[in-house]
Amino acid sequence: MTNLVSKWNFPTTVRFGAGRVKELPDVLKDAGISNPLFVTDPGLARLPVVASTLALLDEAKLPHGVFSDVRPNPVESNLTAGIEAFRNGGHDGVIAFGGGSALDLGKLIAFQAGQTRPVWDFEDIGDWWTRADAGAIAPIVAVPTTAGTGSEVGRAGVLTNEATHTKKVIFHPKMLPATVIADPELTVGMPPFITAGTGMDALAHCLEAYCAPGYHPMADGIAVEGVRLVLENLPKAYGDGSDLTARAHMMSAAAMGATAFQKGLGAIHSLSHPIGALYDTHHGMTNAVFMPYVLAFNRPAIEARIDRLAAWCGIKGGFDGFFDAIMKLRADLAVPATLPDLIEGFAPDPARKELIADMAIVDPTAGGNPVELTRQAALDLLEAAIEGRVAA
Ligand code: NAD
């Protein structure tokens, strides 16, 4: 019998709805922030969505600084520069504004600016988070502009270690934003490639959380509804970026995925993390490439679960029907079918393949895969994703 012992953490206050970004000055006041550092990425910094949000702060006469030196897949030098901006500006909190990259870096700046130990001491391993000075963590308000990572409701930030080319998860419960403003209007400007990749990230979170072993019926419930929302709404948001209803449902699904994945993730992420760290690919799109190969690999352990999920989503044919729906969704969203389709010139030699497999099996997400991810299994999955061998 399953061990009915578990630990449940649920997210924070979310002000959800189109146009609610206007409430930002009130939210900052409630969070006790009087001089925020606005953290975003350079692409967004050039868009009207940032200018109009900063205008809200000006209208409310709130002093603020702006930091936008954030790479996709942020690195330690981004964090160091952000901490310097935070300290130099005398800031007392962070507005993390953007996709997962800006949200994560904003959260990490608020966390790390008051710490004395190196950030890598707070990797999500055992109780390492207790090493942090919790009283020195600045408050965070998160405003997502993509609908994928769900980092806005998460207690962690992902940072790439440039020295080791590994993606590390930095965790502390107080990295959870005090308030989230989830305004789907902010996602309307996402180009189709980013809409597809981020939406597939939300799907990967829900799917892997649902398939992870362990007792967490709340996470399971959130995950299955999250999958349904993505299957119904991602094609609509992709086809018509201004469809606010579809954008809103995708924003919910993203937060639901990140809420659900406290239960665990799996081999999609274990393989996607080394590829992202070594080749700087988009996280969600990399997950989307691996998804069917991992689903097929896990089939013996998850078939009955996926039958139930398919029924909830109104898909006929149980596991096979669900698998076909994922393949169709990928094709409709122009997701690259293979790794060479995702990464130009991708032809790793055997040593490189072994390195990727070795990184995958020690990734913290590997333990959540419902079938043991052995080194050979990781190599086989990598080979399948290179050759495009999908068979459910
Ligand atoms: P991203 O933040 O890297 O953004 C991708 C691109 O989209 C950027 O060029 C950005 O400028 C652009 N963009 C964002 N919003 C836009 C908008 N509204 N209009 C136009 N362009 C817009 O992408 P992402 O997928 O949201 O985040 C990926 C990052 O999140 C990775 O670093 C990944 O490791 C991390 N991540 C974190 C968690 C977590 O739990 N903390 C979970 C999954 C992924």
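Leaving out residues up to four places away in sequence, which residues does methionine 200 touch? The list is Leu234, Gly284, Ala288, Met291, Leu329, Arg330, Leu333 and Val335, with contact meaning heavy atoms within 4.5 Å. Keep in mind that this is a predicted model, where local features need pLDDT of at least 70, side-chain atom pairs count only at pLDDT 80 or more, and totals for chains, interfaces and linings use all residues. Numbering starts from 1 along each chain as its sequence is written, and side-chain values use heavy atoms, with hydrogens and water left out.

**Nonpolar cores**

- Met200 also shows up in the largest nonpolar core, which has 71 residues; Met200, Phe290, Leu295, Ile306, Leu309, Phe322 and Leu339 touch the most other members.
- Helix H10 (residues 283-312) is the top contributor to this core, with 13 residues; helices here are DSSP runs of H or I, at least four residues, and strands are runs of E, at least two, numbered from the N terminus.
- There's a second, separate core of 33 residues, and Phe67, Phe86, Ile109 and Phe122 are among them.
- For the record, a nonpolar core is a set of buried Ala, Val, Leu, Ile, Met, Phe, Trp, Tyr and Cys residues joined through side-chain atoms within 4.5 Å.
- Buried means under 20% relative accessible area, exposed over 50%, and partly exposed in between (1.4 Å probe, protein chains only).

- The chain is split into domain 1 (13-187) and domain 2 (192-387), with bounds from an automatic or database domain assignment.
- Their C-alpha centres sit 25 Å apart, and 21 residues of domain 1 are in contact with 25 residues of domain 2.
- Together the two domains bury about 1800 Å², 64% of it on carbon and sulfur atoms; that area is the accessible area (1.4 Å probe) that two parts lose on being put together, summed over both.
- Ala147, Gly148 and Lys167 account for 26% of what domain 1 buries against domain 2, more than any other three residues.
- The rule finds one salt bridge across this interface, where a salt bridge is a side-chain nitrogen of Lys or Arg within 4 Å of a carboxyl oxygen of Asp or Glu.

**Methionine 175**

- Methionine 175 lies in the loop between strand S7 (166-171) and strand S8 (179-182).
- Methionine 175 counts as buried because its relative accessibility is 0%.
- Beyond neighbours within four places in sequence, methionine 175 is in contact with residues including Lys107, Phe111, Ile140, Arg155 and Ile170.
- Glycine 241 is 66 residues away along the chain, and its C-alpha atom is separated from that of methionine 175 by 31 Å.
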